[in-house]
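Take a look at the fold below before reading on. The text then goes through the chain part by part.

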Amino acid sequence: MYSGASNLVTTTDNAFFLIIGISVIFFVGILATIIWFIIRYNKSKHPVAEQIHGSNTLEIAWTIIPLILVLVMFFYGWSGYSPVRNAPKDAMRIEATARMWSWSFEYPNGIKTDTLYIPVDKPVVLDLISVDVIHSLYIPAFRIKEDMVPGRTNRMWFIGQKPGNYELFCAEYCGLSHSYMFTEVKVLEQDKYDAWLAQRSDTAATAAATADPAVAGRRLIESNGCLACHSSDGTKLVGPSFKGIYDHKQAVVTNGQTREITVNDEYIIRSIYEPDADVVEGFRKGQMVTYKNQLSEDDIKLIIEYLKTIK
Ligand code: CUA
């Protein structure tokens, strides 16, 4: 019955192409009429203007025809909009969190990822949470976009109908690195999805069981989207790379003065809680928000254990 990457594609495209079609017909029709009138009613051929005042036929026609057209547009618009608003009750819930400038997705069993994984042919509801400014979650292939407003949980839902990878990005300018808020939705066959979920749960359980702090630290870095701005292979992104950072002598700018520090636990905690306090030389202020509400000092200790492992 439906075609397209999501269940919302057909109805959205119908409304869109209908309105585009009507607009094109009017554009061409009006332009042709203008040109025809310029020639037909040129002053040299037609020195005295004719009067059409009081033509009932014309007045009824230009009232009824547009009325029918807008009602047809409304019908198609409504049949596209109404399913967008009404999610099925049994839909799977995933919490989508946006922050400057990364995404994280939390699944019902507590797993977090920075890419969205969903099973094919299953309705999915996203609870949309922003922890700082207004973002907007947009999946063009699914024909769905919704603002993420701090202090308010908006929702969106869809059914991924074709396995594959689709772009997901922020569609609301949210600051300097807005363009970094770019990731993917991966629509998987049910068995592949179950296997992925089991494997992720296993890794999480293993990390907890072995209590390897470096593995737990790496997980925190992934689930908080740190890697959008900090590479782990030495590449310079918005922020300094994590590679070899621990115990490294580093020039930083504090209150406009350049000084040298050693990257130790204290420096890392301050950098995560007050990113603008000591900015690494060569990077700009105002690029990162505080993670005070997201990461506890214990979390940061785990992250530090991870940082020590990437030399
Ligand atoms: Cu978030 Cu733009």
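Which elements do the buried residues of α5 pack against? They pack against β11, β12, β13 and α6 (297-309). This is a predicted model, where local features need pLDDT of at least 70, side-chain atom pairs count only at pLDDT 80 or more, and totals for chains, interfaces and linings use all residues. Residues are numbered from 1 along each chain as its sequence is written, and side-chain values use heavy atoms, with hydrogens and water left out.

Some terms come up throughout. Helices (H or I, at least four residues) and strands (E, at least two) are DSSP runs, numbered from the N terminus. Buried means under 20% relative accessible area, exposed over 50%, and partly exposed in between (1.4 Å probe, protein chains only). Contact means heavy atoms within 4.5 Å.

Start with the domains. The bounds come from an automatic or database domain assignment. This assignment gives domain 1 (9-42 + 56-84), domain 2 (92-203) and domain 3 (212-309). The contact between domain 1 and domain 2 takes 5 residues from each of them. Their centres, taken over C-alpha atoms, are 36 Å apart. Between them they bury about 400 Å², and 52% of it is on carbon and sulfur atoms. Buried area here is the accessible area (1.4 Å probe) that two parts lose on being put together, summed over both.

Now the sheet. Two strands pair if DSSP finds at least two bridges between them. An open sheet of 5 strands runs in the order β3-β2-β1-β5-β8, with mixed pairing. β3 (112-113) and β8 stand at the edges with a single partner strand each, so one side of each has no neighbour in the sheet. β1 and β5 (residues 123-130) are parallel and pair over 7 bridges. Thr-97 has Ile-129 in β5 as its bridge partner.

Next comes a hairpin. β6 (residues 135-139) and β7 (residues 144-148) are antiparallel and pair over 5 bridges. Between these strands lie 4 residues, and Arg-143 in the turn has a positive phi of about 60°. Leu-137 stands opposite Glu-146 in β7. On β7, Ile-144, Glu-146 and Met-148 form the covered face, while Lys-145 and Asp-147 form the uncovered one.

Which residues touch the most other members of the largest nonpolar core? They are Tyr-107, Leu-116, Leu-137, Phe-142 and Phe-158, out of 37 residues. A nonpolar core is a set of buried Ala, Val, Leu, Ile, Met, Phe, Trp, Tyr and Cys residues joined through side-chain atoms within 4.5 Å. β1 (residues 92-99) gives this core its largest share, 4 residues. Beyond its neighbours within four places in sequence, Phe-142 is in contact with residues including Ala-5, Ser-6, Leu-8, Val-9 and Phe-158.

Ser-6 also meets Gln-161. Gln-161 sits in the loop between β8 (154-159) and β9 (164-170). The two residues are 155 apart in sequence, yet 5.1 Å apart in space, C-alpha to C-alpha. A polar atom of the Gln-161 side chain lies 3.2 Å from the backbone oxygen of Ser-6. Such a polar contact is a pair of N or O atoms within 3.5 Å; within protein, one must be able to donate a hydrogen and the other to accept it, and residues adjacent in sequence count only if both atoms are side-chain atoms.

Asn-7 is in the segment before α1 (9-40). Asn-7 is buried, with a relative accessible area of 7%. A polar atom of the Asn-7 side chain is 2.8 Å from the backbone nitrogen of Ile-159.

Back to α5 (residues 265-273). The buried residues of this helix are Tyr-267, Ile-268, Ile-269, Ile-272 and Tyr-273. Tyr-273 also belongs to a second, separate core of 25 residues, which includes Phe-242, Ile-261 and Tyr-306.

β11 joins the antiparallel β12 (residues 257-262) through 6 bridges. These two strands form a hairpin with 2 residues between them, and Asn-255 in the turn has a positive phi of about 45°. β11 also pairs with β13 (residues 279-280), antiparallel, over 2 bridges. There, Val-252 has Val-280 as its bridge partner.
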